[in-house]
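Let's walk through this model together, from the overall fold down to a few individual side chains. Keep the viewer open as you read.

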Amino acid sequence: MATRLPLPAGVSRAAVSAYSRYFSVDLADVDPDQLAQGFPSFDAFFTRGLRDGARPVDKRPEVLISPSDGRLREVAEVEAQGVVVAKGHAYAIGELIGDSELAARFVGGLQAVIYLHPRDYHRVHAPISGVATRIMLIPGRLLPVNDAAVAREPRLFAVNERQVHVIRTDHGTVAVVMVAAFGVGHMSCGYRQVDAHPTQTQSLELEPPPFLAKGDELGVFHLGSTVVLLTEPGFELVDGLGPDSRLEFGQALLRRKEPS
């Protein structure tokens, strides 16, 4: 893919500078030494890490952090039969994650959808500490995931290629769904080698299941896309957030409800 072609240092710096100006990328979040020496390819810039301290992680055990940078598109409750109604349209969580039995665990829980803009940091992280029990690799299309595309195709997230991380935690099962989009080279996993662009659904049981601390890397988008976070019942959106809120990886997103 063209984004992974090697670039001379001077070309790399010029390309990064032009892209950053066009999309308003905050280069203050990037390791200054890496900026100075240039990136070996555009993909290396797009999948860049962060400088130390750029994203403090909320350590409170009752809080789920945002797994990525992006815009909070919506937060909706998963209704009976595992259906989510969002923006006036309904689709099944079982279809999204490729497992209707697992989807039943999320009935009464929340679905939070985060859209990643081209300016954003494109690595995805564990929203809470736990053990990763399974990865689902689901083939699909690579359609755009902007607002206009979602309005045209309400089932879009269940149509595009997905990588589903299933995490068992002290607060129930959590799923983090990475949804590919137009222009995505592939999605990689931070703790297990997986196939890029699977041709059939794969359910990878992890034995032994690795422990992931809150904030550990789950995977990387090589261009694109959208993250869908699913929880079991008992969570609510933290105060001050709502649709269209700007999120940064590490900040508090959801919290356990106080006992009534």
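**A walk through the model**

At 62% relative accessibility, Asp-239 falls in the exposed class, where exposed means over 50% relative accessible area, buried means under 20%, and partly exposed is in between (1.4 Å probe, protein chains only). Asp-239 forms a salt bridge with Arg-255, with 3.2 Å between the closest N and O atoms; the term stands for a side-chain nitrogen of Lys or Arg within 4 Å of a carboxyl oxygen of Asp or Glu. Asp-239 sits in the loop between strand S15 (235-237) and strand S16 (246-247) while Arg-255 is in strand S17, so the pair ties together parts 16 residues apart in sequence. Arg-255 itself counts as partly exposed because its relative accessibility is 28%.

Before going further, some ground rules. This is a predicted model, so local features need pLDDT of at least 70 and side-chain atom pairs count only at pLDDT 80 or more, while totals for chains, interfaces and linings use all residues. Residues are numbered from 1 along each chain as its sequence is written, and side-chain values use heavy atoms, with hydrogens and water left out.

Now zoom out. The protein has 6 helices and 17 strands; these are DSSP runs numbered from the N terminus, with helices being H or I of at least four residues and strands being E of at least two. Of its 260 residues, 52% count as buried. If you take contacts (heavy atoms within 4.5 Å) between residues at least 6 apart in sequence, 76% of them join residues at least 24 apart. The protein exposes about 11600 Å², and carbon and sulfur atoms supply 52% of that, going by the Shrake-Rupley method with a 1.4 Å probe, where for residues only the protein chains shown count as cover.

Next, the inside. A nonpolar core here is a set of buried Ala, Val, Leu, Ile, Met, Phe, Trp, Tyr and Cys residues joined through side-chain atoms within 4.5 Å. The largest one holds 39 residues, and Ile-135, Tyr-191, Leu-218, Leu-229 and Leu-253 touch the most other members. Several strands supply at least two residues each to this core, among them S1 (63-65), S5 (110-115), S7 (130-138) and S17 (252-256).

You'll find Gln-111 in strand S5, and it counts as buried because its relative accessibility is 0%. Beyond residues up to four places away in sequence, Gln-111 touches a list of residues including Glu-74, Val-84, Tyr-91, Leu-96 and Val-228.

Back to charges: how many salt bridges are there in total? The count comes to 12. One of them pairs Asp-69 with Arg-55, the closest N and O atoms being 2.7 Å apart. Asp-69 lies in the loop between S1 and strand S2 (70-79), Arg-55 in the loop between helix H3 (42-46) and S1, 14 residues apart. Both Asp-69 and Arg-55 are buried. Another bridge joins Arg-134 and Asp-99, with closest N and O atoms 3.0 Å apart. Since Arg-134 is in strand S7 and Asp-99 in the loop between helix H4 (93-97) and helix H5 (100-103), the pair ties together parts that are 35 residues apart in sequence. Arg-134 counts as buried at 12% relative accessibility, and Asp-99 is buried with 17%.

His-125, in strand S6 (residues 123-125), is buried with a relative accessible area of 6%. His-125 and Ser-68 are 57 residues apart in sequence, yet their C-alpha atoms are 6.4 Å apart in space. Setting aside neighbours within four places in sequence, His-125 is in contact with Pro-67, Gly-215, Asp-216, Glu-217, Leu-218 and Phe-249.

Last, over to helix H2 (residues 32-37), the place of Leu-35. Leu-35 is partly exposed, with a relative accessible area of 24%. Apart from neighbours within four places in sequence, the contacts of Leu-35 are Arg-13, Val-16, Leu-27 and Val-30.
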